[in-house]
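Could you walk me through this fold, from its aromatic contacts out to the way its helices pack? I would like an explanation that I can follow with the coordinates open beside me.

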Amino acid sequence: MCNIGVEIHKSFITQVDQQGLHLKSWFKRLKRATYNTTFMYNVRMLIAFSGTAFVPYFLGYQLATIPLTLGVVAAGLSDIDDRFSVRIMNLIYTYIGFFVTAASVQLLFPYPMAFALGLIASCIGWILLGSLGRRYATISYGCLVVSVYTMLGVHLFDHWYIQPALLVAGAAWYGLIATISFLLFPVRQLQDKLAASYASLGDFLFAKSNLFDVDMTPASYQQSMIELSLENGKLITIFNDLKTALLTRLKGDRGQKDTRRSLHYYFVAQDIHERADSAHIDYQKLAKIFQHSDILFRFQRILAVQGKACQELNECILQRKPYKHNKRFKQSFENLRLSLEKLRRDQHYDLLWVNALFALYQNLKSIDSQLLNLETEQHIQADKVKQAENQLKDDDLQGWNDIVIRIKQNLTPESVLFRHAIRVSIVLFIGYVLIQMTNIEYGYWIMLTALFVSQPNFNATKRRLRLRIFGTLVGIIVGLTIVFLVPSVEGQLLMLILSGVLFFELRSKQYAQATAFITILALINFNLDGSAMAAAIPRFVDTLIGCALAWFGVTFIWPDWKFRRLPRNIRRSLQAQCNYLAEVVKQYHEGRNHALNYRIVRRAAHNTDAEVASLISTLATEPDFDPTRKSDIFEFLCLNHTFLSYIAALGAHRESIQDQAVLKLLDQALDDIQGALLRDEMPDLTAQNMLQTIRQRLSQNNEEDQKSLIILQQLSLMLSVLNRFSMLKQRLSHDLDNDASELASL
């Protein structure tokens, strides 16, 4: 009996242990699910749409589902990441804006003339409000969407205030869920942006590794440089978003460890980017000289593996795991060092090139050190970082004067935002007049389509036109199939919820699919009033008309591509690069300093470089793009980023030096570069013996003074392309300025 009791006890203990393990495993899976931002976002939208679909159903007021659901959609489009106190203020501003907009539409709707004037004024006002910053731009866009949503349902309710109140109620319901989600996971969106920055940094390193291809041709080199420049633009955009998210949290920070940790990761990512973007050598010549050596393959492999390490770091941030540096890096760098030492001993190669490769090796070693010490340094940074190096530039509004200045800056045809505001307001006005003249059924979908499709530039609008038409057609076919096969109200409400969730999941990834799901949601909404079948064909026809109006607006109403903003962007980019170089030169005189001013000028240089790259890639798709200038424009793009990379290399190695001759050369080179790029005063470098002096110092190859050798090498690279760089800048600015003047006079 005693043995039986012992066995029963052991069996019971075993079962308890197994249940405990199952429970622990379940909690781990649940915790892992909460780390998945996409999953949690979809849960949020599922709860939001479930509430707007089934609460009216249980209350017997099914018609309310339409404005409640549209309120959730508008609020979801207006949602922005911010700290708690500012988030609450954003929600209050959003609800006030939604109610005022919807009530204005309801009250002015019976009076076409007053409504048309109000439509133009409000459209221009809401879009220009976006000049005050990201949060205002997002809220104003939501208000524009609400204005058209109100037009769609203006006849649904007997009293003017019911639809505005229900739209705001739907938005408030979404806001409540979003706020609860924020309180549960306050740094989630910040960490997602941080992870995205390292993923993009990895892509940048992969693109950089392509420059070490030994089989490189002039054509493949230019293509690799274009790809690198575009990847740089994507990375800079993500850095800017991350910086905004960090800044808003630091303002309300109460010593949160996660915020400080994210700030440290941000600074490390920027330092890695500066070093990775550095160019110590002419890559085309490098490929020819070392095409039969293994040295380029070793550099290429290390860059690619460092890119992979950044991708792994992205996963670690998302999964809240500590990053573990790959131990194979140590051996890879040791083998690379041995190969470089062998090249130095070998008399076959010019030591000038070998020294440049050693500088590149040191730069990659610094990147490796940043990754290796990332987890350990964050504790030191949190407690002992200098205050001057722990600041971010605040781009937020600083008062009424700042508001007035920003609005005035955009009250000019030179402003992209102003032209977009005028263009969209005219397009919506034409759509409204067309609806009034033809009395077309469900005609306000025309205005909704035109609003969603119209973008500030021709290329983005053209792309959305095709995707919108295709997505609407698919959505109508699938939506009618659902209405036919799922006749019950409960089943249709479930499909409405699913469509809403999938719309928000896909809206920034797959525009055509997102359009299909929002079309399904709209048809099910209208079927609650028994009119889905009647609305299907008008929905598609109205989409075609709205797309045609959007195309007409972006092509003929102050078309953005006709103003040729490239000359202005070129000038801004070159000014920013000269400011960056001046700050680097200053630190060679005074000593290394990573304070706010240095990071501001570096960020400005990369921002303007990214703007030039984005604009050039857009210009290549425009209808009046001159193919004869294509080679010049893309050559300038490559040279612009190459020159910035040469400056970045100087910045990566910046330290105080005592060699007065080198400091004098730095000052002279800065003056010559500023003269050539900003004032079109191309210096005669041969007559000044500038290049000869630099090359003479380089040929001496004094290994004891590696700092000076790196500086001289970078100056040699910059001055060697300065003449061509300046000529391209002058030619493009002159030709495109003439084009803009001719087109503006038409």
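Let's start with a group of side chains: F109, F115, Y432 and Y444 are linked into a cluster by ring pairs. Please keep in mind throughout that this is a predicted model. In total, the count of aromatic pairs comes to 22. One of them joins Y266 and F267, whose ring centres are 5.7 Å apart with 45° between the planes, a tilted arrangement. Y266 counts as buried, because its relative accessibility is 3% and the cut-off for buried is under 20%. F267 is buried as well, with a relative accessible area of 9%.

Another tilted pair is made by F552 and F556, at 5.6 Å centre to centre and 40° between the planes. What separates these two residues along their helix? They are four residues apart in helix α22 (residues 532–556), so about one helical turn lies between them. F552 is partly exposed, with a relative accessible area of 33%.

Rings also meet charges here. The charged end of R188 sits over the ring of F185, 4.5 Å from the ring's centre. In a second case, K365 lies over the face of F333, at 5.4 Å from the ring centre.

Now step back to the whole chain. The protein has 28 helices and zero strands. Of its 746 residues, 52% are buried. If you take the contacts between residues at least 6 apart in sequence, 82% of them join residues at least 24 apart.

Two packed helices are described by the angle between their axes and the distance between the axes. Take helix α8 (residues 188–209) and helix α10 (residues 257–277): their axes come within 11 Å and cross at roughly 15°. Angles under 35 degrees count as roughly parallel, and α8 and α10 are therefore roughly parallel to each other. The crossing in which α8 passes α10 is left-handed. On the α8 side, the residues in contact include L190, L194, Y198, L201 and F204. Their counterparts in α10 include Y265, Y266, V268, A269 and I272.

Next, look at helix α2 (residues 37–59) and helix α7 (residues 162–184), which pack at an angle of about 150° with their axes 10 Å apart. Are these two helices roughly parallel or roughly antiparallel? That angle makes α2 roughly antiparallel to α7. Their crossing is right-handed. In α2, Y41, R44, M45, I47, A48, G51 and T52 take part in the contact, and they meet W173, Y174, I177, A178 and S181 in α7.

C123 is found in helix α5 (residues 112–129). Is C123 buried or exposed? At 1% relative accessibility, C123 counts as buried. Leaving aside residues up to four places away in sequence, C123 touches L144, A421, V424, S425 and L428. The C-alpha atoms of C123 and Y141 are separated by 9.5 Å, and these residues are 18 apart along the chain.

Most residues other than glycine have a negative phi, and most peptide bonds are trans. N439, although not a glycine, has a positive phi of about 55°. N439 lies in the loop between α17 (416–438) and α18 (444–453), and at 67% relative accessibility it counts as exposed. D680 is not a glycine either, and has a positive phi of about 55°. You will find D680 in the loop between α26 (660–678) and α27 (690–700), where D680 counts as partly exposed at 38% relative accessibility.

Terms used
Residues numbered from 1 in each chain as written. Predicted model: local features only at pLDDT ≥ 70, side-chain atom pairs only at ≥ 80, totals over all residues. Heavy atoms only, no water. Phe/Tyr/Trp six-rings, centres within 6.5 Å; stacked < 30°, edge-to-face > 60°. Buried < 20%, exposed > 50% of the residue type's maximum accessible area, 1.4 Å probe, protein only. Lys NZ or Arg CZ within 6 Å of the ring centre and 35° of its normal. Axes fitted to C-alpha atoms, helices over the stretch in contact; angles between N-to-C directions. Parallel < 35°, antiparallel > 145°, perpendicular 65-115°, else oblique. Left-handed = near helix turned anticlockwise from the far one by under 90°. Contact = heavy atoms within 4.5 Å.
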